[in-house]
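I wanted to find my way around a protein I had never looked at before. These are my notes, in the order I made them.

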Amino acid sequence: MIHVFIGHGESDKLASVNPMIRMYDHVFVSGDVSIERLTRNKLVTEYDVINGKCVKIGVPYISCNTAGESLTTANVQGVLYAPTWEGADINQAYSSLLIATDLIENMLSRGLTVYFQPHPSTGIRTPAYKEKIDSILSQFARKDCFVYIDNSSDNIFSANERFGKFGPCYYNTIVTDISSMVMLGFVHQKNTFVYVSDYHLELLEKELLITSRSDIVFSSTKEFLRIETDYFTRPPALDVSPLVSVENYFDNLDYSDFISTFKSVLEDDIYSNGCFS
């Protein structure tokens, strides 16, 4: 029996370096940045990498026919604000939601349309975060601040739904936190601004391998207010190929196809390395 670790998203969150990864025979990863993170944290060795423990599968929830291409309408003035949830503990408290009112107000004052998509798990540990969402919905329920809240139970999204109800062509910039939304911004060629608290800022260059490549990193409302408006609408320029494989083995598959494709990925990427006789 082969045990394979599959994470729920490509991000710099602490969950991406769970020590339990060592227990698995193989780890499905998005690309080279994932392998670098696992190696730095001594969860895999060079021997493991050479012998096929890490299997690159790209980012399955990104459509392969749009990865690496800009989906933004020309001259669009929209911003997706997608804060993450409060996290399981202080070490994973990445959310900017408690300063969200100031961020949204500032973006609206620049003439930008704001699309608000908080993490579906927000408030499950700290009720104040859910209360903050309710407050934002009440305060900004007007035509220039579209609000999208996911209330589904299965959390299954299409490529466009995962980027918000209105689709990625409606905005040129993502404002988010340390989360898988950063990589989604990169792959879909969006300007990506990431909130990093003072608590996590010292980890930026050493451990936050994806976040450190963002267009702008800010740690306070004051820093956010200093961002020039042109930065929200300029064409993004990040090349994602060194970070993530844009191949997508799992795009547009139904459940029955997924099982056979899963097996073929193992055979192609693992057995071909001579790991099994």
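**Entry 1: the whole protein**

I started by noting that this is a predicted model. I counted helices and strands next: the protein has 10 helices and 9 strands. How much of the protein is buried? I found that buried residues make up 47% of the 277 residues. Then I looked up the surface, and the protein exposes about 13,700 Å². Carbon and sulfur atoms supply 51% of that area. I also checked the contacts with a separation of 6 or more, and residues 24 or more positions apart account for 69% of them.

**Entry 2: a sheet of three strands**

I picked out an open sheet formed by 3 strands, in the order β1-β2-β3, with parallel pairing. Which strands stand at the edges? They are β1 (4–6) and β3 (54–56), and each has a single partner strand, so one side of each is left without a neighbour in the sheet.

Next I went through the pairings. β1 pairs with β2 (residues 26–29) in the parallel sense over 3 bridges. In this pairing I noted that Val4 has His26 of β2 as its bridge partner, and that Ile6 has Phe28 of β2. On to the other pairing: β2 and β3 run parallel and are joined by 3 bridges. Here I wrote down Val27, whose bridge partner in β3 is Cys54.

Where do the side chains of β2 point? I saw His26 and Phe28 pointing one way, with Val27 and Val29 pointing the other way. I found all four of these residues buried.

I moved on to helix α1 (residues 32–40). Its buried residues are Val33, Ser34, Ile35, Arg37 and Leu38. What covers them? I found that the cover includes β2, α2 (46–50), β3 and α6 (180–187). Two strands from my last entry turn up again here, β2 and β3.

After α1 comes Lys42, which lies in the loop between α1 and α2. Is Lys42 buried or exposed? At 65% relative accessibility it counts as exposed, since the cut-off for exposed is over 50%.

**Entry 3: another positive phi**

I looked up Gln189 as well, with a positive phi of about 55° although it is not a glycine. I placed Gln189 in the loop between α6 and β8 (191–195). Is this one buried or exposed? Gln189 is buried, with a relative accessible area of 14%, because the cut-off for buried is under 20%.

**Entry 4: helix α4**

I checked the length of α4 (residues 127–139) next. At 1.5 Å a residue, its 13 residues should span 18 Å, and the end C-alpha atoms are 18 Å apart, which agrees.

Which residues of α4 are buried? I listed Tyr129, Lys132, Ile133 and Ile136. Seen down the axis of α4, they fall within an arc of 100°, so they line one face of the helix. I looked on the other side of α4 too, and there Pro127, Glu131 and Ser138 are exposed. What do the buried residues of α4 pack against? I found α3 (100–109) and β5 (113–116).

**Entry 5: Ala82**

I ended with Ala82, which is found in strand β4 (residues 78–82). Ala82 is buried, with a relative accessible area of 2%. What does it touch, not counting residues up to four places away in sequence? I wrote down Gln117, Val175, Thr176, Asp177 and Met181. I took a second look at Asp177: it is 95 residues from Ala82 along the chain, and their C-alpha atoms are separated by 7.5 Å.

Terms used
Residues are numbered from 1 along each chain as its sequence is written. This is a predicted model: local features need pLDDT of at least 70, side-chain atom pairs count only at pLDDT 80 or more; totals for chains, interfaces and linings use all residues. Side-chain values use heavy atoms; hydrogens and water are left out. Two strands pair if DSSP finds at least two bridges between them. Helices (H or I, at least four residues) and strands (E, at least two) are DSSP runs, numbered from the N terminus. Buried means under 20% relative accessible area, exposed over 50%, partly exposed in between (1.4 Å probe, protein chains only). Contact means heavy atoms within 4.5 Å. The expected span of a helix is 1.5 Å times one less than its number of residues. The arc is that of the directions from the helix axis to the C-beta atoms. Accessible areas come from the Shrake-Rupley method with a 1.4 Å probe; for residues, only the protein chains shown count as cover.
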